Amino acid sequence: MIYLIPVYLIFSLIVTIRQKKDSSLLWFLLMPIGFSLALFGLILFTEYVSFANFIENPLLISSNLFIWKLNYYLDLSIFGMYRLMDVGIALYMLGAIGFPLSQHPRRGLLRKGSFIVAVPALLILLADPGILQHVFEPDSVFQGMQEILSGLNILNRLLNILVKAALITSLVLSLWIYSKTPKPFRKRSELIILGLVPIHVLVFVLFYWFPSHSIHIWRLSTVKLISLPYTRFTASLIFVLSFFSLGVLIYISIVYNSFALNDQRHQIGFKARMKTAGSGLKIFTHSIKNQFIAVKLLAEQGLVQEAGQQQLQGIHAICEKTIARLNALPVLPDRIALTYSHLTTSSLLGRIEKEYPDIVVRNTVPAAKMVVDEHYFIEVLRNLIINSKEAVRGVEIPYIIMYCSRQLDYLVISVEDNGCGIDRARQKHVFEPFYSTKPSITNWGMGLAFSQQLVESFGGTMRLESMPDIFTKVEIYIPEASDE
Amino acid sequence: MRKRLSILALIALTLLGSLYAGGTQEGASDGSIEYVSMWNAGEPQAIFMETMAKQFEEETGIKVDITFAGRDVLTKIRSRLLMQDAPDLIDQDFSELSGALLKDDNVLVEPLNDFLYKTEGPEGQKQMMDLFDEHLVKLYAKDDSIYFFPYEFITSGFFYDKTLFAEHGLASPENWKEFIDINQQLTSAGVPALALDGNISFYNAYYYYWALTRVMGPGHLKDAAADASGKVWDDPGYLSAARMVYELSAGGKNFFQPGYAGSNYPAAQADWALNKSGSILCGTWIPSETKEQQVDGFEVGFYPFPEVSGGKGSSADVEAYLIGFAIPTGAKNIEGAKAFMKYISRKENAEKLAHDTINIAARRDASYPDLLTEVKPVVEHAENFHVSYDGAMQLYPEWFANVFYPADNDLVFGKITPEAFIARMKSETARYWESKK
């Protein structure tokens, strides 16, 4: 059992080092630290009570002597042991509520949630046996002992309910946030819930009686009357749970880490490909252009000799036109400077509506604001509309609808058409650079890939849904900006 | 970043703060002894010890540094004993001392045979042992070695208010039949006959252990605890004792106060002191513990657990529960500790202990406090002393806590029949020992 403590602390350290940019980490760390602290207190406490009552400590089959020797240096009294549990549980509760809340993009919610859970955490700290001892002055109130014990019993029950309520709230909160989380962001929530459940269950079983096994503050101040509530069954259950929770925690950390690494790799790979592609494109277009120029020069020489004039004029015209188009090809920039501003959805979609009067625009949240680079965001929307227009070419009654709505704290702008659609196999690749479902000299397959990079830089993401010959819908999720 | 560091620093401070428990330990020098006491500061025994320490220092120049650690003294100093940083003197009841310090082959206290048999008594007695009943002190010996030095004697039995009994025309019973009769009469008069705080298992356990001692004589609960097969429980004496307890319980004649199973200490004993119930089966500390609550005219009476017709035990079998000192192995000033023990056992000091703390001194020629005068004839007529709970709690504490208590509580509360109790004890005891293989 005691092995859990260093493992949890090492785990916390590793997570801190690896994920130092994630501010929600502090909330998460409160859980393993709080749990380790509470567990350490519990092990010391159960060992103390077991020895005092000459019974075997069900939670500590071996390492008993190590615990006693360790306490020689710590010099913890039973009150100190209980205090460790108090502080540990309070920290765990703060973390258990604060962490899921910190995953929620709305900052105000975190503040309110933390405040709510801070009250029971504070109450637990106030139920410190030293404070209770001081308040009740047990040495002088033997006659009122019955009332004191009844009062303590009520207090213990209240705190016990609060701890359980906090743990359940944490899980409910995680599930609620999960249910409200837009689909593209759910994987992260799933991991959080999966990681939290076994630890919560472990804490729930270990501290199910907390703090009802508290010290009776009475005249004789003995722990002789305290019996440990753990049976062999619960002890076995705790051992299994501790291994399981540890396994899940390690699994989650690996998966979570690989997610982060994949994201990083993805971004690095994208940038590299963009850079290579930019250089290649320059060389390629330059080379093609030179060849056309050569053909054009040859054509001009032919024109001077006045032989086959008509055909040569045709060739000349084609060369002129192609060179002009190649000149007009955009140069992929190595770096884009974005200029952020608060924009309402009505102003953004209003511009699109004017530019493309043939598409239907519906906006259910006209006053909602987002923080984006206006120029590039409009470019993203244009790109989607151009894609849709190409897709509906040849459709008898085509439609392109753009609508804007709100999901939790995200604004979702969708562009839907009833065009040719994209089959499932190709859907996986549409956000990859240089992948196009309709490659041409002007269609290099960069539009959606570049758009997604832009949207991600605005703090959002893109999602595509399509059924061949029925519809295609691309959703842009952008965090809604507060009025502050 | 700064904010994050501040929060981390705050967490670290909280953790460090939570570790603080206070208290430092200092080793004893030659001119002092360190005594870690089982008493709490302010308790009569603590005040007595402080006085003794002061007088001892004046007389010998040896300073006694006392730490009043409370009843968990042995648990509190366990780390120190394991790390060879023992105090010079500790005290606790002998069952506790045996359980904690004489476990298996791991003896953590100094033998006192030489001190008891080769040291002259404080008033010129040939040896220190002459101050005590030798049989009594030897009850807690291990392999012929005596490790503990007593200063307080406790026994248990029924306490009652003589005035209340007189009002109802009752006298203390001498046998089980009379006991049942007076309880019946009190119950008929609307007074619950027996007081019991059911949340304290060792108070509940008094009934079966005493009943068995009267039916079969001392030593049989210990034997039953030690029998790995559980077959010892087949002896009809165990069932007879269980029937006696069941007869008193809610399943039988229901002599206890209403709701006794859920009664939280010290509710029942407080009500008993207020004359809301008849008798209470408890240790000799109960008259002093309830002294402040006793109604006007309360006159403490005492009768031993009633004898049983045909039983092998008798009221000459008296429980001996001793409290005293031990010198831990590694103590720095053993001679100083022995000198203090000898000083405490002087007659005037033993009398002072009895008088100030309303308890019985272990020294056999010391007088009894007024509240316990009725106990004196019972102890004086004792032919055989046995340890509390027949030694089962001391020798097999885990069995006692995990096997005996749960079944015994159910029997005392009338939740299981005597037959079911025996069957359960038989199977649970066998299972317990099986799990230890």
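**View 1. Contacts between domain 1 and domain 2 of chain B in the predicted model.** Four elements of chain B each supply at least two residues to the side of domain 1 that touches domain 2: α5 (94-101), β11 (317-326), α17 (375-380) and β13 (384-387). The most comes from β13(B), with 4 residues. Sorted by class, this side of domain 1 of chain B has 13 nonpolar, 10 polar and 3 charged residues.

**View 2. The two domains of chain B and their separation.** Domain 1 of chain B is assigned residues 32-155 + 319-388. Domain 2 of chain B is assigned 156-318 + 391-435. Between the C-alpha centres of domain 1 and domain 2 of chain B the distance is 28 Å.

**View 3. Secondary structure and overall dimensions of chain B.** Chain B has 20 helices and 13 strands. Its radius of gyration is 24 Å, close to the 22 Å that the globule rule gives for 437 residues, so chain B is as compact as a globular protein of that length. Along the principal axes, the C-alpha atoms of chain B fill a box of roughly 70 × 65 × 50 Å.

**View 4. Burial and contact separation in chain B.** Of the 437 residues in chain B, 51% are buried. Among contacts in chain B with a separation of 6 or more, 76% are between residues 24 or more positions apart.

Conventions:
Residues are numbered from 1 along each chain as its sequence is written. Chains are lettered from A and ligands numbered from 1 in the order in which they are written. This is a predicted model: local features need pLDDT of at least 70, side-chain atom pairs count only at pLDDT 80 or more; totals for chains, interfaces and linings use all residues. Domain bounds come from an automatic or database domain assignment. Two residues are in contact if their C-beta atoms, placed from the backbone, lie within 7 Å. Ala, Val, Leu, Ile, Met, Phe, Trp, Tyr, Cys and Pro count as nonpolar, Asp, Glu, Lys and Arg as charged, and the others, Gly among them, as polar. The radius of gyration is taken over C-alpha atoms; the globule rule is 2.2 Å times the number of residues to the power 0.38. A residue is buried if 20 or more other C-beta atoms lie within 10 Å of its own, exposed if 12 or fewer, and partly exposed in between; C-beta atoms are placed from the backbone.
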